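Follow the chain from its strands to its domains, its cores and its ligand shell. Keep the model in view while reading.

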Amino acid sequence: MRISVHDARHPDSIGKQAIIRGWVRTRRDSKGGFSFIEVNDGSSLGGLQVIADATLANYESEVKKLTTGSSVTIAGEIKPSGGKGQATELLASSVEVHGWADAEAYPLQKKQHSLEKLREWAHLRPRTNTFGAVARLRNCISRSIHNFFQEDGFLYVNTPIITASDCEGAGAMFRVTTLDLEKLPKVDGKVDNSQDFFQKPAYLTVSGQLEGEIFACALGKIYTFGPTFRAENSNTSRHLAEFWMVEPEVAFNDLDDNMTLAERFLKRMFSDALSQCGEDLKFFNEHVDTTTIATLEKLATSEFRRISYTEAISILETCGEKFDYPVSWGCDLQSEHERYLTEKKFDGPVILYDYPRSLKPFYMRVNDDGKTVRAMDVLVPKVGEIIGGSQREERLEVIEGRMAEQHLNPADYWWYLDLRRFGTVPHAGFGLGLERAVQFISGMANIRDVIPFPRTPGSAEF
Ligand code: 4AD
Ligand code: MG
């Protein structure tokens, strides 16, 4: 019977006849006329030790030539193992080689490669322990996200990837076109868009929020979960040009409800990672960041601090810490400020709310003070902002004023404004960057190492 390496490693498999299929990690020949072959198929962190001996017909001709990276099918009996860190091993009765990997040419040799180097081999890095663990953790978090919302009665809505509207109003959009813009006829110095595929400029979406609001304002509780794109020229360890975002949106929720939802959501994600991905988290804890598990255990139960932007500024102004960027009311918080709040001041997640209106997009609800909007950012140690969200502006005349303030053309958002014209309701939502979540939970330092194929300025190889 074919079984996974994960199942073959379990003591319940002892005594079974099994067939495993995977890739050779290492081969070691013993003087006694047999070899130890470690095989992995990606189903678990550790591989399965296989013992192949000279009774195999192809022992000399093939088994003793197996190299790291070769692919094999091995049949045999699962036995108890006396080896350290493994309960079982497979005594091979046949070894079939599918594909050889030339030891000279195969990049993933036994030695440790740097994470930077492994990025150049995005087609092979899933075969390493680190990237196998990241892939399994990412899968576990994605499942947890769907489970959380599905169990809570949210509807999963698919919002478009190609869109005409700039949700964040930040102008960081990738244009989608079939035209050679250089060669196009221009009218008044501007490209004639009527000849383009959509007969108007179209872009890759930066967020599914605006379309998500349409569904929340009809069906109550919804979430989107899909790829989003930002053409920001940010070469940092926390920014990607293509990343996955989860965006719940709830009709009749206010900012407090939104903060409570975000906190419940993150805690569920942390506890699911702990209970379902224990082996991989142990690996991250040993090899990447020794505080990973303790931090998750603490956060899964302790309360998140909630402080207003104004309070945060006064803490930062008076704390005596020397910052590269000095703070004052109205400034955007830099990562050094976020780190001070989450790592030094509160030693845990912090939800900041009520930001200055000038810092935030047009759709956030304006507070009675006229100066701030009902925004919230969830900050976590090391990663900084993991969630951004707000209560939405549901009043037509106020949102029209905000659009004018930000030089947005209301005609481009006519359908969004209709939601305020016909049966408007208070509503709120947020966006979680999946990669920031995987980064935080694994402790991996660079966001490029928690997405299978990172897209960053100057890099789109695969
Ligand atoms: O704060 P942001 O820009 O908020 C929005 O897009 C809202 N429309 C969401 C909403 O209310 N529905 O982005 C939300 C989150 C950030 O907190 C961060 O986790 C992640 O998306 N994010 C990025 N992750 C990786 N690379 C980037 N360039 C990111 N930009 C934002
Ligand atoms: Mg944000």
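Begin with strand β2 (residues 34-40) and strand β3 (residues 48-53), which run antiparallel and are joined by six bridges. Two strands pair if DSSP finds at least two bridges between them. Helices (H or I, at least four residues) and strands (E, at least two) are DSSP runs, numbered from the N terminus. Phe 36 has Ile 51 as its bridge partner in β3. Ile 51 in turn has Leu 91 as its bridge partner in β5. Here β3 and strand β5 (residues 88-99) run parallel, with two bridges.

This is a predicted model: local features need pLDDT of at least 70, side-chain atom pairs count only at pLDDT 80 or more, and totals for chains, interfaces and linings use all residues. Residues are numbered from 1 along each chain as its sequence is written, while chains are lettered from A and ligands numbered from 1 in the order in which they are written.

Now the domains. The chain splits into domain 1 (5-99) and domain 2 (126-170 + 206-449), with bounds from an automatic or database domain assignment. Their C-alpha centres lie 45 Å apart. Four residues from domain 1 and seven residues from domain 2 make the contact (C-beta atoms, placed from the backbone, within 7 Å).

Next, the cores. A nonpolar core is a set of buried Ala, Val, Leu, Ile, Met, Phe, Trp, Tyr and Cys residues joined through C-beta atoms within 7 Å. Buried means that 20 or more other C-beta atoms lie within 10 Å of the residue's own, again placed from the backbone. The largest core has 80 residues; among those touching the most other members are Leu 137, Ala 273 and Ile 441. Leaving aside neighbours within four places in sequence, Ala 273 contacts Leu 137, Cys 140, Ile 141, Leu 281, Leu 296 and Ile 441. A second, separate core of 21 residues includes Ala 8, Ile 20, Ile 74 and Ala 92.

Turn to helix α9 (residues 335-345). Its buried residues are His 337, Glu 338, Tyr 340, Leu 341 and Thr 342. They pack against α8 (309-318), β15 (350-356), β16 (372-380) and β17 (384-391). Just after α9, Asp 347 takes a positive phi of about 50 degrees.

Last comes the ligand. Ligand 1 is surrounded by 24 residues, and the closest are Ser 207, Gln 209, Gly 388, Gly 431 and Gly 433; the cut-off is a C-beta atom, placed from the backbone, within 6 Å. β17 gives the most to this shell, with six residues.

Notes
Contact = placed C-beta atoms within 7 Å. Buried ≥ 20, exposed ≤ 12 C-beta atoms within 10 Å, placed from the backbone.
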